[in-house]
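Visitor: I have a model open and would like to go through it. Can we start with the terms?
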Amino acid sequence: MEVEEVKAKYCRCVSKVGGEKQRAIAICTKSVFGSRGIKRTKELGSCPLSGGGGGSKKSPMLANTFDEFRDEMEEWWMSEKMDGFRLLWDGSRREFLTRSGKVMCTPWDTSKLPSGVVLDGELWAGRGHFDKIASLGFKCSDPSKWTKDIKFHIFDIIVPGESFRDRHARLMKLKPRLPKAHFKIVEQLRVGSEANLRRAFEVVKKHGGEGIILRDPNANYESRRVASMLKMKGIEDAEAVVVRCASGSKMSCEARIVNGKAKDKIVRFKVPTKFAPGTKVTFEYTELTHTGLPRHPRFVRVRPKNS
């Protein structure tokens, strides 16, 4: 068995066992390598994205919220923010992993994807189709659910110590090796000015998109929420009348929307206290899903009576 194949088998085992790191290492060392386990694991090194084998879990870089434009942002890059499912392609394990390190199965042929690299991207089916992605699940689902519009949109490659500008150049060199049917590199555009940014944002929102991602091209990759990557999202609000509320540690209410594009739809959101049926409230959301339901609804306030 080839070295990379053996390592991939070991890393898959550590990921599936989970729990306390040293216990997972002990179980998988014996299972995969037998009596020579300790020596072989040292020879092969750690798993790139798992907590086993002496390594640490690699988490994706997360964006902070955009609040105001600064002069230096003229040299930043922008791309469309996708309302999909964040995934990492771990080329050593040859698997797709979620933000939490869980394996996600796809029906795609990944044999031509590069080994030894970690690609960061979004599983996306286009604007307004998040519900299609959410229905896939983590296990190998019905291949017919994976329609042609579902692609892995790659916007970064994890290379410690390299700027985003250099990492994007690496991605472009990989482009000829990526199967076009399911994989696409996200285009990055220079911001240029605040007016350009605002126009790009309005175009995306007009066509049903979620917003814009801003990136500092000189920033390194960090596995945490950073100020060098910002998300610019629109917020909509609407009014609704409470139908019922559920008690418990996670208190929430169902309400019927009484105005706006989603009028008469039923929406559910968390609330700070239980409201009586008929209470009129204001809530916020980021966009409407393909089925017309508000996405990420958030309670704002109770409306005054007779308002």
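Guide: Buried means under 20% relative accessible area, exposed over 50%, and partly exposed in between, with a 1.4 Å probe and protein chains only. This is a predicted model, where local features need pLDDT of at least 70, side-chain atom pairs count only at pLDDT 80 or more, and totals for chains, interfaces and linings use all residues. Residues are numbered from 1 along each chain as its sequence is written, and side-chain values use heavy atoms, with hydrogens and water left out.

Visitor: Glutamate 239, then: buried or exposed?
Guide: Glutamate 239 has a relative accessible area of 17%, so it counts as buried. It belongs to strand β12, residues 236-246. Strands (E, at least two residues) and helices (H or I, at least four) are DSSP runs numbered from the N terminus.

Visitor: Which side chain does glutamate 239 have a polar contact with?
Guide: Arginine 303, at 3.3 Å. A polar contact is a pair of N or O atoms within 3.5 Å; within protein, one must be able to donate a hydrogen and the other to accept it, and residues adjacent in sequence count only if both atoms are side-chain atoms.

Visitor: What else is glutamate 239 in contact with?
Guide: Leaving aside neighbours within four places in sequence, its contacts (heavy atoms within 4.5 Å) include Arg256, Val258, Lys280 and Phe283.

Visitor: Phe283 again. Where does phenylalanine 283 sit, and which ring does it pair with?
Guide: Aromatic pairs first. Rings of Phe, Tyr and Trp (its six-membered ring) pair if their centres lie within 6.5 Å; planes under 30 degrees apart count as stacked, over 60 as edge-to-face, the rest as tilted. The count comes to twelve pairs. In one of them, tryptophan 108 and tryptophan 146 have ring centres 5.3 Å apart and planes at 80°, so they are edge-to-face. Phenylalanine 283 is in a stacked pair with phenylalanine 269, 5.7 Å between centres and 25° between planes. Phenylalanine 269 is in strand β14 (residues 266-270) and phenylalanine 283 in strand β15 (residues 280-285), 14 residues apart.

Visitor: How accessible is phenylalanine 283?
Guide: Its relative accessibility is 0%, so phenylalanine 283 counts as buried. Phenylalanine 269 is buried too, at 2%.

Visitor: New topic. Which ring does arginine 295 sit over?
Guide: Phenylalanine 130, with the charged end 3.8 Å from the ring centre. The rule asks for NZ of Lys or CZ of Arg within 6 Å of the ring centre and within 35 degrees of the ring normal.

Visitor: And overall, how many helices and strands?
Guide: The protein has six helices and 18 strands. Of its 307 residues, 46% are buried.
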